[in-house]
Amino acid sequence: MTPRPHVLVVGAGPTGLALALQAQAHGAHVRVVERRPSVFRPSRALIVHPRTLEVLRPLGVVDDLLARADTAPAAQLHLGRRVVPVRLGRIDLPDTAYPHLTLLRQADVEAVLDRALGERGVQVQRGTELIGISDGGGVGAHVMLHGPDGSERGWYRWVAGCDGADSTVRRVAGIGWYGAGYHPEIVLADLELDGDLAPGVAHVVAGRRGLLFVFALGECATWRLLATRPCTDPALAFGQPGPPVDRSELQHLLDEAGLPARIRGVGWSSRVRVQHRLAATYRRGPLFLAGDAAHTHSPAAAQGMNTGIQDAANLGWKLALAAASTTPEELLDSYDRERRPVARHVLALTHLVFWAEASANPLASFVRGTLAPLAAPAVPVALRRRWPLTEIVRLLARFGENYRRSPISVEAAAAHTGGPRSGDRLPDATVTAGGRDVRLHELIARPGLHVLLSGDLPVPDAPVAAPPVHVHRLTRAPWTGALVVRPDGHIGYRGAPDIALRRWLGRVGAPVASTSEE
């Protein structure tokens with residue numbers, strides 16, 4: 001019997017909580033520490049993409065997330081003197097169970113994930129800080145923590161650094177942190193407003209000096225303001241909440257944007273310097289990085305929280321199953337091989353979008369201040385065609401990302417026709433299983449590996465190790481052959497349920513009994 005690995009997760013933001021849930025669901029002993037003593041902090045992320053909901057679905061938290069969310073948000077685009085109303089309801093995305101934009105505060109995401117962990121017996125230890133890591137004799141790491149009851153030392157097989165852009169795990173591991181800062185800064189505030197702003201609507205203003213957003217998603221007041229402007233304090237640390245913003249400065253931002261609103265009260269405010277950086281590697285021995293500790297960028301395109309949660313979905317099951325793998329180093333190294341290329345794509349996208357949103361460059365200012373108002377009449381027409389918004393959401397949700405070059409993506413194409421390739425995300429579709437029509441993502445909506453057999457193929461041998469392997473026989477499917485879906489919703493194996501599949505299961509920590517064929 002393979003012992004359950006002990007995993008220390010440093011950081012209880014969305015990435016750390018999701019990683020802990022994924023690792024625990026696949027058999028790991030998990031401990032989560034968070035240096036912040038308080039649960040609450042104002043949200044800096046407000047959108048959850050469909051792909052993020054997909055990877056969280058097997059962990060049983062999506063219904064609670066959607067209960068707190070707005071899945072049909074309304075917006076008003078203020079483009080010069082024109083105001084364009086937009087209703088962002090259902091989107092033409094037939095291959096997902098979540099064909100919509102989801103407005104949801106980061107604080108709500110953290111609350112749902114935290115509660116789910118607690119229900120599984122894992123309590124986040126707040127006010128507990130990582131202060132040192134030393135070599136564990138070639139296996140694992142000795143960790144020094146300091147908490148409310150003093151200092152303690154412990155051994156962990158794996159340490160996951162989900163502790164933000166100023167990550168202690170990354171610093172202790174000596175991992176390079178490459179990139180640069182932006183000149184514009186972000187202003188955040190929760191406000192009570194008087195005036196003629198349509199209630200319950202997101203207001204988006206494009207101006208020559210930058211963008212301004214006002215959402216009815218405040219936490220310390222009704223409205224959340226997010227605006228870009230030139231940096232006011234170059235000495236401010238990147239990524240950390242800065243000092244409060246004077247009320248007169250906040251009112252000036254609203255006036256400059258032309259919004260008919262007067263500030264009646266300020267619940268909270270801050271300025272944040274943003275940067276774009278990427279870790280040189282996501283792994284050094286038993287130490288791993290995920291979320292903002294591995295990559296950080298501007299909030300443009302709402303990628304930060306979503307990319308971090310998808311990192312967590314990729315890494316959590318690998319940490320849990322590596323001890324039973326026949327090739328554990330290959331399995332663990334696949335995390336960096338798969339997720340760093342995604343981060344590079346995200347950095348390129350957010351860099352371009354943030355330049356368009358906030359740059360003082362004359363071309364960017366001209367686009368925001370002159371071309372955008374001229375294009376305003378075309379916006380409703382474009383949205384009625386639906387495909388532009390659909391393609392934008394597909395891009396932002398990262399549906400097209402694949403791990404085809406991963407060492408654990410195995411393709412036996414001769415035994416398989418049609419359907420997604422190994423390494424691809426499994427698209428949702430209607431299939432027939434057990435005499436009923438069912439959606440694929442419903443079939444795989446529980447932790448574990450899922451073997452999808454089309455037709456009368458033989459059932460593979462049962463795994464010897466503990467991770468759940470679910471076998472689903474499909475009498476109608478858009479492919480022939482066998483697919484194995486990983487816990488993060490990507491195809492790991494495509495081929496026949498034969499010796500090659502048994503070997504693949506062993507590589508990912510679900511070995512089967514030896515047979516004479518081997």
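**Cavities, a pocket and buried residues in a predicted model**

The structure, a predicted model, holds two cavities of 30 Å³ or more.

User: Hello! What makes the largest cavity a cavity, and what is its volume?

Analyst: A space is called a cavity because a 1.4 Å probe fits inside but cannot get out. The largest cavity has a volume of about 150 Å³. Of its 16 lining residues, E54, P58, I444, D488 and G489 are the closest to the centre. Helix α2 (residues 50–56) gives the most to this lining, with three residues.

User: How do you know which classes of residue line the largest cavity?

Analyst: Each lining residue is sorted by type, with Asp, Glu, Lys and Arg counting as charged.

User: Which residues line the second largest cavity?

Analyst: The lining is made of R51, V55, Q310, N314, R339, V342, R398, E401, Y403, D488 and H490. The volume of the second largest cavity is about 90 Å³. At least two lining residues come from each of α2, α7 and α8 (328–358). By class, the lining holds three nonpolar, three polar and five charged residues.

User: Why is the second largest pocket called a pocket, and how much space lies in it?

Analyst: The word pocket is used because the set of points is open, with protein on both sides within 12 Å along at least five of seven lines. About 400 Å³ of space lies in the second largest pocket. Among its 25 lining residues, the closest to the centre are V205, G207, G210, E256 and A257. Two or more lining residues come from each of β4 (74–79), β5 (82–87), β13 (202–207), β14 (210–215), β15 (223–230) and α6 (247–257).

User: Which element gives the most to the lining of the second largest pocket?

Analyst: That is α6, with five residues. Taken by class, the pocket lining divides into eleven nonpolar, seven polar and seven charged residues.

User: How do you know where the buried residues of helix α11 lie around the axis?

Analyst: The buried residues of α11 (residues 387–397) are L389, T390, V393, L396 and A397. They cover an arc of only 135° around the axis, so they lie on the same side of α11.

User: What share of the chain counts as buried, and what share of the contacts joins residues at least 24 apart?

Analyst: Of the 518 residues, 57% count as buried. As for contacts between residues at least 6 apart in sequence, 71% join residues at least 24 apart.

Technical notes:
Residues are numbered from 1 along each chain as its sequence is written. This is a predicted model: local features need pLDDT of at least 70, side-chain atom pairs count only at pLDDT 80 or more; totals for chains, interfaces and linings use all residues. Side-chain values use heavy atoms; hydrogens and water are left out. On a 1 Å grid over the protein atoms alone, a cavity is a set of points where a 1.4 Å probe fits but cannot get out, and a pocket is an open set with protein on both sides within 12 Å along at least five of seven lines; lining residues have an atom within 4 Å of a point. Grid points are joined across faces, edges and corners, and a volume is the space filled by probe spheres set on the points. Helices (H or I, at least four residues) and strands (E, at least two) are DSSP runs, numbered from the N terminus. Buried means under 20% relative accessible area, exposed over 50%, partly exposed in between (1.4 Å probe, protein chains only). The arc is that of the directions from the helix axis to the C-beta atoms. Contact means heavy atoms within 4.5 Å.
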